[in-house]
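Take a moment with the sequence and the model.

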Amino acid sequence: MSLWFMFNISNRPSVAAISILGLDKFLLINGIVGLSISVIGFIVANYIWGTDIAAILAFFSCAILSQIVLLIKVYLISKRSDKQLFA
């Protein structure tokens, strides 16, 4: 869970840059897909292993992957935007 908090804190600048880069729609889709995958991971892990710790680990692992996708997307778009600005 602390790893998820670390990604959540490091994700703040990316979320702040989303409106500037025009990625609001991507943020909405990423949030919906990330939550859906996290809940499905929670249910599947609970069904397969039958422990609450495995279910929580699966939930936070999927949430971390969603945040990593968001970080990478914002980084790539901002890098492309910088190239266009200074070209």
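Start at Ser-66, which counts as buried because its relative accessibility is 14%, and buried means under 20%. This is a predicted model, so every value here is computed from it. Ser-66 is found in helix H4, a helix that runs over residues 52–86. What does Ser-66 touch, not counting residues up to four places away in sequence? The answer is Asn-30 and Gly-34.

Ser-66 also leads us to a space in the model. Among the residues lining the largest pocket, Asn-30, Gly-31, Ala-63, Ser-66 and Gln-67 lie nearest its centre. So how do we look for such a space? Rolling a probe the size of a water molecule over the atoms shows where empty space is left. Here the largest pocket holds about 220 Å³ of space. Its lining is made of 14 residues. Helix H3 gives the most, with 6 residues.

Next, move to Ser-38. Its place is in helix H3. Is Ser-38 buried or exposed? Ser-38 is buried, because its relative accessible area is 3% and the cut-off for buried is under 20%. Leave aside its neighbours within four places in sequence, and Ser-38 is in contact with Phe-59, Cys-62 and Ala-63. The backbone nitrogen of Ala-63 lies 3.3 Å from a polar atom of the Ser-38 side chain. Ala-63 is also one of the residues nearest the centre of the largest pocket.

Phe-59 is found in helix H4. Phe-59 is partly exposed, because its relative accessible area is 25%, and that class lies between 20% and 50%. Not counting residues up to four places away in sequence, Phe-59 touches Ser-38, Val-39 and Phe-42. There is also a distance to note on this part of the chain. Phe-59 and Val-44 are 15 residues apart along the chain, and their C-alpha atoms are separated by 9.8 Å.

A pair of aromatic rings is described by the distance of the centres and the angle of the planes. The model has 4 aromatic pairs. Take Trp-4 and Phe-60: their ring centres are 5.3 Å apart and their planes stand at 45°, so this pair is tilted. The pair links distant parts of the chain, with Trp-4 in helix H1 and Phe-60 in helix H4, 56 residues apart. Both Trp-4 and Phe-60 are buried. For Phe-60, the relative accessible area is 14%. Now turn to Phe-59 and Phe-60. Their ring centres are 5.4 Å apart and their planes are at 80°, so this pair is edge-to-face. The cut-off for that label is over 60 degrees. Which residues do ring pairs link into a cluster? They are Trp-4, Phe-5, Phe-42, Phe-59 and Phe-60.

Ala-55 lies in helix H4. At 1% relative accessibility, Ala-55 counts as buried. Leaving aside its neighbours within four places in sequence, Ala-55 is in contact with Phe-42, Ala-45 and Asn-46.

Is Ser-78 buried or partly exposed? Its relative accessible area is 23%, so Ser-78 is partly exposed. Ser-78 and Ser-14 are 64 residues apart along the chain. Their C-alpha atoms are separated by 9.6 Å.

How values were computed: Residues numbered from 1 in each chain as written. Predicted model: local features only at pLDDT ≥ 70, side-chain atom pairs only at ≥ 80, totals over all residues. Heavy atoms only, no water. 1 Å grid on protein atoms, 1.4 Å probe; cavity = no way out; pocket = protein on both sides within 12 Å on 5 of 7 lines; lining within 4 Å. Points joined across faces, edges and corners; volume = space filled by probe spheres on them. Helix = DSSP H or I, 4+ residues; strand = E, 2+ residues; numbered from the N terminus. Buried < 20%, exposed > 50% of the residue type's maximum accessible area, 1.4 Å probe, protein only. Polar contact = N/O pair within 3.5 Å; in protein donor to acceptor, adjacent residues only side chain to side chain. Contact = heavy atoms within 4.5 Å. Phe/Tyr/Trp six-rings, centres within 6.5 Å; stacked < 30°, edge-to-face > 60°.
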